[in-house]
Amino acid sequence: MVEMKVRGLAVDASTRQPVVILMDPSETRFLPIWIGVFEAEAILLALEDIKVPRPATHDLLKAVVEALGAELERVAVHAFEKETATYFARLELRDAQGKALSVDARPSDSIALALRLGAEIFVAESVLAENAVRDTAKIDKQLDEFKRFLADVKP
């Protein structure tokens, strides 16, 4: 599993569908996940720390997790089904007694909840290998810097 951060939201120019962009720590791999409009709004509210007058669904779920004394340890995007272009995620929780719980969830809902609860987001390496977009310019720059470093190394 690779820890990822939410890089932001975008709109697919051809379908007009929202896309959440996850980024790896090296900022060389990006995972776009197409999501619904309501989920995009929920993620945007969390990213921008916008308070709404009444709790939205993800705010309600956050309140329930906290009221039960549970903790969202992390979100795991663990699978991708190619035929339907569907990502699968799970919420990895720990209850008040310390018991680990795993709950199936959509990646969009998982991300919206993770942002509200400050939980980490992970993606399986196999999912990244199949679907990540690489920032080749950044990779090339890092490689050039490493080559310059090696040129100056003396035994």
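Modeller: Read from the N terminus, the protein chain runs β-β-β-α-α-β-β-β-α-β-α-β-α. That makes 5 helices and 8 strands. Both kinds of element are DSSP runs, numbered from the N terminus: helices are H or I with at least four residues, strands are E with at least two. This is a predicted model; local features need pLDDT of at least 70, side-chain atom pairs count only at pLDDT 80 or more, and totals for chains, interfaces and linings use all residues. Residues are numbered from 1 along each chain as its sequence is written, and side-chain values use heavy atoms, with hydrogens and water left out.

Next, the sheet. The 8 strands form an open sheet with mixed pairing, in the order β6-β5-β4-β7-β1-β2-β3-β8. Its edges are β6 (100-105) and β8 (133-134), each pairing on one side only. Two strands pair if DSSP finds at least two bridges between them.

Of its 18 lining residues, Ile 33, Trp 34, Thr 86, Tyr 87 and Pro 107 are the closest to the centre. A pocket here is an open set of points on a 1 Å grid over the protein atoms alone, where a 1.4 Å probe fits, with protein on both sides within 12 Å along at least five of seven lines; lining residues have an atom within 4 Å of a point. The volume is the space filled by probe spheres set on the points, which are joined across faces, edges and corners.

Which elements supply at least two residues of this lining? They are β3 (29-34), β5, β6 and α3 (107-117). The largest share, 4 residues, comes from β5. By class, the lining has 10 nonpolar, 5 polar and 3 charged residues. Nonpolar covers Ala, Val, Leu, Ile, Met, Phe, Trp, Tyr, Cys and Pro; charged covers Asp, Glu, Lys and Arg; the others, Gly among them, are polar.

Take β5 (residues 86-94). It runs antiparallel to β4 (residues 71-81), and 9 bridges join the two.

Then β3. Of its 6 residues, 5 are buried, so this strand is largely enclosed by the rest of the structure. Buried means under 20% relative accessible area, with a 1.4 Å probe and protein chains only. Over the 155 residues of the protein chain, 34% count as buried.

β3 has partners on two sides. Strand β2 (residues 18-23) runs antiparallel to β3, with 5 bridges between them. Leu 22 has Leu 31 in β3 as its bridge partner. The hairpin of β2 and β3 has 5 residues between the strands, and there Glu 27 takes a positive phi near 60 degrees. With β8, β3 pairs over 2 bridges, again in the antiparallel sense. Phe 30 has Val 133 in β8 as its bridge partner.

For contrast, look at the second largest pocket. It holds about 210 Å³ of space. Its lining includes Leu 45, Asp 49, Lys 62 and Arg 116. Here α1 (37-47) and α2 (57-67) are the elements that give two or more residues. This lining divides into 5 nonpolar, no polar and 6 charged residues.

Technical notes: Buried means under 20% relative accessible area, exposed over 50%, partly exposed in between (1.4 Å probe, protein chains only).
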